[in-house]
Amino acid sequence: MGGQGLRRRLILFGAPGSGKGTQAELLRQRYDLDHIAPGDMLREHRAAGTELGHLASEYMAAGKLVPDELIVNMIRHRLEDDGDAKGFVLDGFPRTVPQARSLQELLEKMDRPIDLVAVLDVPEEELVARLSRRATEERREDDTPEIISERLRVYRVQTEPVLEYLGDLVPVLRLDGRGSVEEVNGALVQAIG
Ligand code: B4P
């Protein structure tokens, strides 16, 4: 994949627990990218007690997706603010086909096309094991067994179709997400550079 320079506008794609957040943070540090993670942004809104945080909180606690319009507005503002000086890594967006369509339209207008969608493939039993481990370590309210299984169901039904949509428009690369954090990071760095 060499010869085209660094790919600096990235989407990290994968199921809950596939390592998107973990890898996005490593890429941010290494390449000085803007790490855009709606899950983190919504948790910040909730902690700050904003109206958006309040609206989102019931969906998040139930393992459901927050309505597209709220998410797309939040991401639009974020992309407009960041000015594209460094590039970005989207972690957890888009998660539905309408979100993907809105993103494409927005980036087209801004003349900032996506360089790469990297998909972290991890089998379901490993996803459940990771999220259950995080439940004990970080006590996230959406990491209980029932909610984990709902989030995985939502991923299969609402999020996986996004790949088909994006696959026709931008380069998509599937990576084995089962290795250690360092191994997966090595594969991503190779794909980006
Ligand atoms: P997120 O915060 O995005 O939650 P997530 O899918 O679980 O991903 P996360 O990034 O946290 O986990 P990761 O795989 O890195 O979303 C939370 C909620 O917000 C959603 O359910 C929804 O309600 C709402 N939301 C967010 N985006 C939305 C959108 N676009 N539209 C609508 N609603 C939206 O890591 C998981 C665990 O695995 C960690 O503990 C990590 O340490 C571990 N891990 C990572 N890599 C590993 C490896 N290689 N080996 C072993 N463990 C590893």
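Reader: Start with the rings. How many aromatic pairs does the count come to?
Author: The count comes to one aromatic pair. The rule pairs rings of Phe, Tyr and Trp (its six-membered ring) if their centres lie within 6.5 Å; planes under 30 degrees apart count as stacked, over 60 as edge-to-face and the rest as tilted. Phe-13 and Tyr-155 form that pair, and it is tilted, with 6.2 Å centre to centre and 55° between the planes.

Reader: Which parts of the chain does the pair link?
Author: Distant ones: Phe-13 is in strand E1 (residues 9-14) and Tyr-155 is in helix H7 (residues 145-167), 142 residues apart. Helices (H or I, at least four residues) and strands (E, at least two) are DSSP runs, numbered from the N terminus.

Reader: Are Phe-13 and Tyr-155 buried or exposed?
Author: Both are buried. Buried means under 20% relative accessible area, exposed over 50%, partly exposed in between (1.4 Å probe, protein chains only).

Reader: Before we go on, what kind of model is this?
Author: The model is predicted: local features need pLDDT of at least 70, side-chain atom pairs count only at pLDDT 80 or more, and totals for chains, interfaces and linings use all residues. Residues are numbered from 1 along each chain as its sequence is written, and side-chain values use heavy atoms, with hydrogens and water left out.

Reader: Now the ligand. How many residues surround the ligand, and which are the closest?
Author: 30 residues surround the ligand, and the closest are Gly-19, Arg-43, Lys-64, Arg-95 and Arg-151. A residue counts as near if one of its heavy atoms lies within 4 Å of the molecule.

Reader: Which helix gives the most to that shell?
Author: H2, with four residues. Helix H1 (20-31), helix H2 (38-48) and helix H6 (124-138) each supply at least two residues of the shell.

Reader: What lies 3.2 Å from an oxygen atom of the ligand?
Author: A backbone N or O atom of Thr-22. On the nitrogen side, a polar side-chain atom of Arg-130 lies 3.5 Å from a nitrogen atom of the ligand. A backbone N or O atom of Val-181 lies 3.4 Å from a nitrogen atom of the ligand.

Reader: How much of the ligand's accessible area does the protein cover?
Author: The protein covers 89% of the 1000 Å² that the ligand has on its own. Accessible areas come from the Shrake-Rupley method with a 1.4 Å probe.

Reader: Back to Lys-64. Where is Lys-64 found?
Author: In the loop between helix H3 (51-62) and helix H4 (68-82). Lys-64 counts as partly exposed because its relative accessibility is 41%. Lys-64 and Glu-150 are 86 residues apart in sequence and 7.4 Å apart in space, C-alpha to C-alpha.

Reader: Now the backbone. Which residues does a cis peptide bond join?
Author: Phe-93 and Pro-94, with omega about 0°. Pro-94 lies in the loop between strand E3 (88-91) and H5.

Reader: What is phi of Asp-32 near?
Author: Near 60°, a positive value in a residue other than glycine. Asp-32 is in the loop between H1 and strand E2 (34-36). Asp-32 is partly exposed, because its relative accessible area is 45%.

Reader: And where is Arg-139?
Author: In the loop between H6 and H7. Phi of Arg-139 is near 55°, also a positive value. Arg-139 counts as exposed, because its relative accessibility is 72%.

Key
A polar contact is a pair of N or O atoms within 3.5 Å; within protein, one must be able to donate a hydrogen and the other to accept it, and residues adjacent in sequence count only if both atoms are side-chain atoms.
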